Amino acid sequence: MDVIAQIITASFTAMFIENILFARALGSSTALIAVKNKQQFVGFSISITYICVFASFISYFIDKAFIKSEYSYLFMPVAYVLAVAVIYIITLVLLWKFLNRIFLAVKKYVHLSTFNCAVLGALFLNSRHSDTLFGYIGFGLGTGIGFIIASYFLSIVYDRLFSEDVPESFRGYPLILIYIGILSMAFYGFLGHQLAL
Amino acid sequence: MAKSQSKKKIKIDMSIFDGIYQKNPVFTSGLVIAPAVAAAITVKNAVALIFAFSLISFFAVIISSFVPRDIVYAVRIILYTFIAALVYVPVALFTKYVFPSEFSALGIFIPLLVVNSFITSKTELRFFRKTKKDMLVDVIMHILGFDLSVLIFSFLREIFCFGALGDRILGIPVTFPILALPFGGFIFLGLLSALFRKIQLIVRRNN
């Protein structure tokens with residue numbers, strides 16, 4: 001029961017309080033690529049959540065071994081990149097061997113959904129917020145789901161942001177940023193923050 | 001014939017500046033948004049960010065260009081990121097030495113530069129499809145594009161957010177403190193991108 005509570009608490013922290021896109025602006029470029037088509041969006045979402053969970057699992061042991069070192073800030077990116085790379089290679093080999101159809105579908109963009117600020121950011125944030133192994137896993141899971149929530153909100157209006165009705169200078173990218181900003185502000189208020197009066 | 005050749009020449013020359021103007025990584029393409037939105041709140045922070053970003057991206061891309069092309073694509077991407085993480089070690093030491101307080105203030109955004117889009121996607125999609133000389137120019141232009149746009153963005157953001165520039169108070173009657181938060185950063189960057197697009201449209205129409 002305690003394990004479930006740890007996972008749920010860490011997940012909710014990652015999903016809402018530390019939402020990777022709305023609260024930290026991490027993975028914005030990845031989200032812009034992910035929402036371009038629906039099939040890709042599903043693939044990105046599953047891939048990022050999967051990588052975040054397993055990389056968080058490995059990063060727990062990395063953090064326990066090295067985080068107290070004075071020079072940990074120098075070597076943590078190398079360690080995290082290696083952790084993500086191990087999962088990436090194992091996954092690709094397994095997909096290639098046993099699920100070749102999925103491998104062919106995802107191989108064009110799987111590296112973008114693996115090596116990005118959202119995944120690596122989740123590992124860095126994990127070391128600040130979590131302390132137990134299940135906390136790490138929960139935070140990784142929450143980061144992935146948080147990314148899905150944020151990207152979903154973006155995907156449902158994506159086509160409209162490119163509408164001919166929008167003034168040309170705002171059409172597309174500038175409006176996407178403003179839209180993410182407004183959603184991010186809504187999340188900020190939803191969590192009970194108040195602006196100083 | 002001669003006219004069309006000279007037109008072609010002009011077009012090729014202008015494409016050198018793609019990274020700064022036509023495909024600016026912050027204002028147009030959205031390649032590197034996170035550090036700009038969340039970390040470039042003041043000019044001092046932006047300068048430290050630019051310093052680290054430029055060094056990591058430049059050396060990581062240049063060193064990665066020597067990775068043999070016959071290695072499987074999936075493995076090449078890992079190598080590029082790994083090279084960037086190794087380049088990060090001296091760059092982080094150097095940045096911490098030159099900008100100690102800004103380095104702390106930027107937190108996770110400096111190490112996260114090892115997975116910026118210049119390294120994970122632009123390498124294969126653009127930079128490595130060119131000759132070594134053209135690649136070098138293109139990488140420098142893209143880095144300059146990031147540097148200039150983040151500098152302009154942080155300069156305006158600091159003025160509108162704090163009514164000050166560093167220690168100098170400018171005496172602006174109305175400020176917008178919410179610009180210091182990520183959502184303020186997103187909205188402000190969106191407005192600046194629209195302004196940049198407007199300038200591009202005017203220039204295109206006049207030409």
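This is a predicted model: local features need pLDDT of at least 70, side-chain atom pairs count only at pLDDT 80 or more; totals for chains, interfaces and linings use all residues.

Residues are numbered from 1 along each chain as its sequence is written, and chains are lettered from A and ligands numbered from 1 in the order in which they are written.

Chain A has nine helices and zero strands; helices (H or I, at least four residues) and strands (E, at least two) are DSSP runs, numbered from the N terminus. Of its 197 residues, 51% count as buried, meaning that 20 or more other C-beta atoms, placed from the backbone, lie within 10 Å of the residue's own. The C-alpha trace of chain A spans about 55 × 55 × 35 Å along its principal axes.

Helix 7 of chain A has 13 residues. Eleven of these 13 are buried, so helix 7 is largely enclosed by the rest of the structure. Among the buried ones are Cys117(A), Phe124(A) and Asn126(A). The buried residues pack against helix 2, helix 3, helix 4, helix 6 and helix 8 of chain A, together with helix 2 of chain B.

The contact between the chains takes 38 residues from chain A and 40 residues from chain B, two residues being in contact if their C-beta atoms, placed from the backbone, lie within 7 Å. Helix 9 of chain A gives the most to the side of chain A that touches chain B, with ten residues.

Methods: The expected span of a helix is 1.5 Å times one less than its number of residues. A residue is buried if 20 or more other C-beta atoms lie within 10 Å of its own, exposed if 12 or fewer, and partly exposed in between; C-beta atoms are placed from the backbone.
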